[in-house]
Amino acid sequence: MLLHIGIDDTDSPNGMCTTYLGALLYRELSRLAEPIDLPRLIRLNPNIPYKTRGNGAVAMTFEVEEEAVPEVKDLVLFYVNQLADFTHENTNPGVAFFEGEIPEKLREFSLKALREHVAIEEAENVAREVGAEIFKFKLGRGIIGALASIGYPLKTFTYELLAYREPENWGKERKVDAESVFLADRWSYPFTYDNVDPYKRTVLIAPHGKDPVLVGIRGIDRGKVLQTFEMVRFGEPIAFYQLYKTNQNTDDHLTPKKIGELRLYDSAVVRGRVSKPYWERGRHVFFELEDETGKIRVAAFEPTKKFRNYVRKLLPGDEIIAAGGVKEHEGVLTLNLEKFYPVKLVPKIEYRKPKCPRCGGTMKSKGDYLKCKRCGYRMPKKLIPVEVPRELERKIYEVPPDARKHLSRPLVLPGGEERVLGALMTSERYSGLS
């Protein structure tokens, strides 16, 4: 029979990693049963405040002899009980088992957990309705991700290879040769991506926390991911590695919505008009977006660096498509901008001093009149409106790699623009806007 296994919320900022636990289990369970494809790393709603780090759950499917099912389940629960970081208050593991073909009800629940806020009680109700078996540790919030990872319809996917450290090195500085990473990236990009930040000249494949992960290499080509990993040089031993199929970098978390439909923790794409000039606070850049259903504050936060420069070029009246996650900032519902696309830009007018009508020279302000610097001609002070070019193009602007969320699809990948533009530009709900 087919046995689906989902695990979530075993890690904490102090260490451990659900993918590490999942990789160990996948190796052990493969001795007892036949794996169906690679294990899956499913990222869920990135806006949930009580998530553990990247909000990633792990799922795997095996063909299991019926008499071996209890042994498989016991092994899964034993690993979670032994390896999860129960000391952290936000770590509340959950495990789910489901036998047979995935029902539509469970797929729908998975997508809701990706894009909206889901309560533990809702997960429990869905488990009862579809006949899934769930196990809660502490508060058991992890059953949400465990169930969602089992039911996730992974139609679009990428790969991530995760290499793990020996336990004695956890919490120590990672020893990854930067030069080899840049060389490997030049060879495999864009089939692997986000390995480095070319502008800051920094390595992005190595995390900074106390968890067991040494490096993570992402890509759309399974072979290129493996070859890129082999090209990187390490100054410490690798315990083992695991290749995952994942919904990372797919933009599957984004769904078209009207501004008035946005709720806290949503991930969405909206289309509207800039309603007033941008303002800044603490290196963060804000503006207001409106459509016929309402208004929302939009933010480009400091970690997005140069991306904020493009946001500053928006003017009131500009019509844009904006994608991001809805959070609360300073008590105000705010769309945290991941990317945007200018649909229609208003003319930009600047008021300038006229040329000298006598000689064409440059006029200089002198109190309440203008005086020509060349011939001395005087005239009443008068500024004339001049339309100047806009410094924005009709293209998608995205945050830099080190500020990108796990789920956001880089524009360098095939289909990088489709999720943001396609759904809105072709939707009947928005056909009258432009």
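Helices (H or I, at least four residues) and strands (E, at least two) are DSSP runs numbered from the N terminus.

The model is predicted: local features need pLDDT of at least 70 and side-chain atom pairs pLDDT 80 or more, whereas totals for chains, interfaces and linings use all residues. Residues are numbered from 1 along each chain as its sequence is written, and side-chain values use heavy atoms, without hydrogens and water.

At the crossing, contact (heavy atoms within 4.5 Å) involves Leu106, Arg107, Phe109, Ser110 and Ala113 of H3, which meet Ile144, Leu147, Ala148, Ile150 and Gly151 of H5.

Rings of Phe, Tyr and Trp (its six-membered ring) pair if their centres lie within 6.5 Å; planes under 30 degrees apart are stacked, over 60 edge-to-face and the rest tilted. The count by this rule is 16 aromatic pairs. Two of them are tabulated here.

| Aromatic pair | Centre to centre | Angle between planes | Class |
|---|---|---|---|
| Phenylalanine 78 and tyrosine 79 | 6.3 Å | 80 degrees | edge-to-face |
| Tyrosine 164 and phenylalanine 240 | 5.1 Å | 35 degrees | tilted |

The second pair links distant parts of the chain, since tyrosine 164 is in strand E7 (residues 158-165) and phenylalanine 240 in strand E12 (residues 238-246), 76 residues apart. Both tyrosine 164 and phenylalanine 240 are buried, where buried means under 20% relative accessible area, exposed over 50% and partly exposed in between (1.4 Å probe, protein chains only). Ring pairs also link Tyr20, Tyr164, Trp170 and Phe240 into a cluster.

Most residues other than glycine have a negative phi, and most peptide bonds are trans. The peptide bond from tyrosine 189 to proline 190 is cis, with omega near 5 degrees; proline 190 belongs to the loop between helix H6 (178-188) and strand E8 (192-193). Arginine 201 has a positive phi, near 60 degrees, and is exposed, with a relative accessible area of 53%. Tyrosine 265, with phi near 80 degrees, lies in the loop between strand E13 (255-256) and strand E14 (267-281).
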